Amino acid sequence: QLGLDMEELEEIEEDAGLGNGGLGRLAACFLDSMATLGLAAYGYGIRYEYGIFNQKIRDGWQVEEADDWLRHGNPWEKARPEYMLPVHFYGRVEHGATGAKWVDTQVVLALPYDTPVPGYMNNTVNTMRLWSARAPNDFNLRDFNVGDYIQAVLDRNLAENISRVLYPNDNFFEGKELRLKQEYFVVAATLQDIIRRFKASKFGSTDSVRTVFDSFPDQVAIQLNDTHPAMAIPELMRIFVDIEKLPWNTAWDITKRTFAYTNHTVLPEALERWPVDLVEKLLPRHLQIIYEINQRHLDHIASLFPNDMDRLRRMSLIEEGGTKRINMAHLCIVGSHAVNGVAKIHSEIVKTQVFEDFAALEPEKFQNKTNGITPRRWLLLCNPGLAELIAEKIGEDYVRDLSQLTKLHEFVDDDLFIREVAKVKQENKVKFALYLEKEYKVKINPSSMFDVHVKRIHEYKRQLMNCLHIITMYNRIRRDPAKLFVPRTVIIGGKAAPGYHMAKMIIKLINAVAHVVNNDPVVGSKLKVIFLENYRVSLAEKVIPATDLSEQISTAGTEASGTGNMKFMLNGALTIGTMDGANVEMAEEAGEENLFIFGMRVEDVAELDREGYNAQKYYNELPELQQAVDQIERGFFSPKEPDLFKDVVNMLFHHDRFKVFADYEAYVKCQEKVSELYLNSKAWTKMVIRNIAAAGKFSSDRTIKEYARDIWHVEPSDLKIPPPNEPRDAVEDKTPNGTAA
C-alpha cells in the first residue's frame with residue numbers, strides 16, 4: 001500500500017553480525033528451534049556496538065572496516081534499564097569470620113536489551129537478552145578526585161569499552177585483558193539475572209531469611225557455548241558460597257548439576273588458556289575459587305591413581321611451565337554434568353584424544369549432539385521456490401518436522417519433479433548471476449556449474465587446495481583449448497581474522513588467480529573465479545540456494561561439525577568433501593555414493609603423522625601439482641611482485657599442518673567425477689533429490705530435542721499457545737512444569 005518493495009526493504013537492514021562464524025550462527029539457529037519447540041529458553045550475549053568487521057577487497061587484499069550496525073538504530077531491540085545490574089572487576093579479597101569478601105572493586109553496569117525470538121507459527125515468543133556496558137554515574141567522581149570533572153566524564157568510555165567491539169578471531173585464542181573482561185561481564189550479569197528470576201519464582205521460596213537453592217538445577221539449566229563463558233562456573237560458586245553462604249559441597253553439587261559444556265573445536269590454538277596473573281589482577285576471588293576447585297579435583301584423582309604424577313599434571317586446571325595458565329576446557333569439564341561434541345566423529349575425538357583422561361574417569365559424562373540448522377531461515381526464507389515445490393509434494397508439515405523430507409524418495413524417478421527441481425535451481429542461479437554481474441562487473445554463465453566454497457578463511461579449511469584445483473583446471477584448458485570442458489564458476493568467500501597473516505595471503509592469492517583466469521581469452525566463459533566480498537548471513541541466503549557444488553574439504557579430524565555443509569544439502573547442492581565433521585553423517589544419511597567423498601580419513605592422517613608428512617614427495621610425483629605450485633612461486637599470478645607468495649609456498653612445503661598436497665590428487669580426481677556427472681543433468685538432479693530427502697536429520701529442531709531430553713531434562717511442548725485475541729481458559733493445567741534453559 002505504501003508503494004514499498006519488501007525485498008528492497010530487507011536489503012537496507014543491517015545484519016546483526018555479533019558472532020564470528022559457525023558458533024554464533026549455531027546459537028541463532030538454536031534460539032529459533034527452542035522457540036519453535038515451545039521451550040522456556042533465553043539466549044544471553046553481548047550487545048556489541050561494532051560487530052564482525054565489514055570486509056572490503058582492495059587490489060586483491062582484505063581491508064577491514066568498522067561494522068557500525070546500530071548507526072540507523074535497531075527497531076527489534078528494547079532497552080530494559082529496570083533490569084540493569086552491577087558487574088565488579090579488580091579489587092582484593094578479605095578473609096574474615098564470615099568468609100571471603102571481594103572489596104575495593106570497580107563497578108560497571110550491565111544494561112540489558114531484549115530482542116524477541118518468535119517460534120514458527122505457534123504464538124510463542126522467547127527472549128534474546130544482550131548486555132551493554134554502562135559506567136555508573138559516579139564513575140571516577142567518588143574517588144576524592146582532584147576535581148577534574150571533565151576528564152572523569154570522558155573516562156566513562158573506559159568502562160563502556162567492554163561492549164564496544166567483537167574480537168574477530170574464529171578458532172583462535174587471543175589472551176587479551178579486554179576479552180577476559182567481556183567474558184566475565186556477560187557471565188556475571190547473566191547469572192544475577194537468572195538468580196533474580198529463580199528467587200522471584202515459587203521455587204525460590206525463602207525461609208524468611210535465605211533462599212533455598214536445592215531445586216535450582218531442576219529449574220535452571222545453563223549451556224556453555226564453548227569455553228568463552230567458562231567463568232560462570234567460579235562465579236556461580238562465588239555467589240553460592242560468599243553471598244548466599246552455602247557450604248562448599250552443597251554449592252559445588254548444585255553448580256555441577258546446573259552447567260553443561262559444548263566443545264566446538266579441537267585445534268590447540270583455539271583452546272582458551274588464561275594467564276593466572278591476569279585473572280588474579282582482574283578477578284582475584286575467582287582465581288582462589290578455581291584453585292580450590294582444582295585442589296579438590298586433583299585430590300580425587302590422586303585417591304584413584306596414587307603416585308601417577310603425570311596424570312595429575314595432564315588433568316590439572318592449571319598448566320605449569322613458563323607462565324601459569326588456567327585451562328578453561330578442563331574447568332568446564334570438571335564443573336559440568338554433561339560434555340558434548342557437535343558431530344559423531346568430533347565427539348569421538350573429544351573422548352579418545354583431546355580429553356581422554358577425563359573420559360576414562362567419567363565416560364557417562366561425554367555425549368554427542370550433532371549440530372543442525374533451522375529450516376525456517378535456511379529453506380523457507382532463503383529458497384521459497386524449493387520450499388513451495390516440496391510442500392506441493394509432501395505437504396507443509398515438514399517445516400516443523402524435517403524428517404518428513406524422506407517422503408521425497410518416492411519422487412526420485414518422477415520426471416516432472418526432476419525437471420521442477422532443476423528449474424528452481426536454475427532460477428536461483430540466474431538471480432544470483434545477475435547479482436554477481438551487478439556487484440563484480442563480470443559476465444557469468446548461468447548454465448556453468450556453480451562451485452562454492454564459503455566459510456571463514458583458515459588453513460584447516462583448505463581454501464588453498466581449492467585454489468590449486470582452480471589453477472589445475474586453468475592449465476588444462478590452456479593446454480588443450482579444444483577439449484570438452486564442463487564450465488564452472490568458482491565462488492570463494494569468507495573473512496580472515498585481521499591478524500592472521502597466512503589467511504590474508506590466501507585471499508590475495510585467490511584474487512590474483514581470479515584476475516589471470518578471468519582475463520584470459522583462451523579460457524573465455526569456461527572458467528570464472530570470484531572472491532565474494534564481505535561474506536555474511538544475508539549473503540549466504542543468496543549464494544546457498546544458487547549453488548551446485550558445496551566445498552567441504554577440511555583435513556579429516558579438524559572441522560568439529562560444520563553447518564554450511566547442511567545448508568547446501570538442504571538447498572539442492574551436491575557435496576564434495578572429506579570424511580570430517582558432519583560430512584560423515586551426511587554420507588551416512590544419503591548414502592556415500594550420493595556425495596563426492598575423497599581423501600584421507602582420520603586414521604590416514606594419524607598414520608601420515610607417524611611416518612612424517614613429506615610435502616616434497618607429492619610435488620615430485622604429481623606433474624600438475626608441480627606446475628601449479630611453480631606458477632605461484634615464480635610469480636605467474638603476481639608478475640609485478642614475483643615473490644609475493646613465497647610465504648605461502650614455503651608453508652605448503654615445510655610447515656603445512658593440514659597436508660594440502662597429501663589430498664590434492666584425490667581431490668582433483670574427485671572433481672573430474674563431479675564434472676562428469678554434471679554433464680548428465682537428469683542423473684545430477686536425481687542425486688540432488690536423494691540429498692534433500694536425506695537432510696531431515698540436520699534440523700536444529702532435532703538437535704535441540706536431544707539437548708532437552710539428554711542434558712536439560714525438559715519436555716518440548718507442541719502446545720500452540722492461543723493468540724492474544726483469543727481467551728486463554730484452562731491453560732494452567734496444560735503448562736508443562738519444567739526447567740528454563
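Leu 468, Ile 471, Thr 472, Asn 475, Arg 476 and Arg 479 in α18 meet Glu 624, Leu 625, Gln 627, Ala 628, Val 629, Gln 631 and Ile 632 in α25 (contact means heavy atoms within 4.5 Å). The model is predicted: local features need pLDDT of at least 70, side-chain atom pairs count only at pLDDT 80 or more, and totals for chains, interfaces and linings use all residues. Residues are numbered from 1 along each chain as its sequence is written, and side-chain values use heavy atoms, with hydrogens and water left out.

The axes of α18 and α25 lie 9 Å apart, at an angle of about 105 degrees. That makes α18 roughly perpendicular to α25 (65 to 115 degrees).

| Element | Residues |
|---|---|
| Helix α18 | 463-479 |
| Helix α25 | 623-633 |
| Strand β12 | 273-275 |
| Strand β13 | 318-319 |
| Strand β14 | 325-327 |

Helices (H or I, at least four residues) and strands (E, at least two) are DSSP runs, numbered from the N terminus.

The largest nonpolar core holds 216 residues; Phe 89, Phe 216, Tyr 398 and Phe 661 touch the most other members. Such a core joins buried Ala, Val, Leu, Ile, Met, Phe, Trp, Tyr and Cys residues through side-chain atoms within 4.5 Å, buried being under 20% relative accessible area with a 1.4 Å probe, protein chains only. Helix α19 (residues 501-518) gives the most to this core, twelve residues. A second, separate core has 18 residues, including Ala 41 and Trp 712.

The open sheet runs β12-β14-β13, with antiparallel pairing. Strands pair if DSSP finds at least two bridges between them. Three bridges join β12 to β14. Trp 274 stands opposite Ile 326 in β14.

Conventions:
Buried < 20%, exposed > 50% of the residue type's maximum accessible area, 1.4 Å probe, protein only. Axes fitted to C-alpha atoms, helices over the stretch in contact; angles between N-to-C directions. Parallel < 35°, antiparallel > 145°, perpendicular 65-115°, else oblique.
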